[in-house]
Amino acid sequence: MKATGIVRRIDDLGRVVIPKEIRRTMRIREGDPLEIYTDREGEVIFKKYSPIGELTSFASQYADTLHKTCDINVVICDRDAVIACAGVPKKEYSDRKLTSELEGIVESRSFYKRNAADGHENKIRVIDNGTHFIRCAMPIISDGDIVGCVASVAGDSDDNHAESGEVETKLIQTAASFLGRQLDI
């Protein structure tokens, strides 16, 4: 654990303010859920809570199934990082921070489909310095809250398949809807 040197007092309602610098660094937004842990030494630890993280094992199986049965490379992420993938190198992508462009797709709450006419330079990468770009993506929404995204991806060498087809887009939309409903239960 790293000391920040910042001290905050608890107010009369039991609240403590997390400093803006820490919220920015840790990518904590207004309304984000935080999990609270304690240890034997009296430390209180706040950790960003990822509802979709509860389904990591299930999301991995779903991604593997889509990849094996439909030959689609799939990435499933929460709002900040990749939590499951299939058809892409897991070591390269798992738990890696999303690009700001992909975060924008997630925050948009709407379906994204790459247009092949956009050209090579307008590819939206999954992660910085990643070798795969987004073909189509659908945010995962649960109880009205954005919790993540399901995306089909292609590698740079797959440029002849740069645009996703109708079946692929429907599968990605279905996966996002299904995962969102699993969190509602």
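I looked up Ile76 and found it opposite Val150 in S7. The model is predicted, so I kept to its limits: local features need pLDDT of at least 70, side-chain atom pairs count only at pLDDT 80 or more, and totals for chains, interfaces and linings use all residues. Residues are numbered from 1 along each chain as its sequence is written, and side-chain values use heavy atoms, without hydrogens or water.

Next I followed S3 (73-77). Strands here are DSSP runs of E, at least two residues, and helices are runs of H or I, at least four, numbered from the N terminus. S3 runs antiparallel to S7, with five bridges between them. Four bridges join S3 to S4, also antiparallel. I took strands as paired if DSSP finds at least two bridges. Cys77 has Val82 of S4 as its bridge partner. A hairpin of four residues links S3 to S4.

Is S3 buried or exposed? Five of its five residues are buried, so S3 is largely enclosed by the rest of the structure. Buried means under 20% relative accessible area, exposed over 50%, partly exposed in between (1.4 Å probe, protein chains only). Val74 and Ile76 point one way, Asn73, Val75 and Cys77 the other.

Then I checked the largest nonpolar core, which has 21 residues. Such a core joins buried Ala, Val, Leu, Ile, Met, Phe, Trp, Tyr and Cys through side-chain atoms within 4.5 Å. Val74, Ile76 and Ile140 are among those with the most contacts inside it. H5 gives the largest share, five residues. Apart from this core lies another, of 20 residues, including Cys77 and Cys149.
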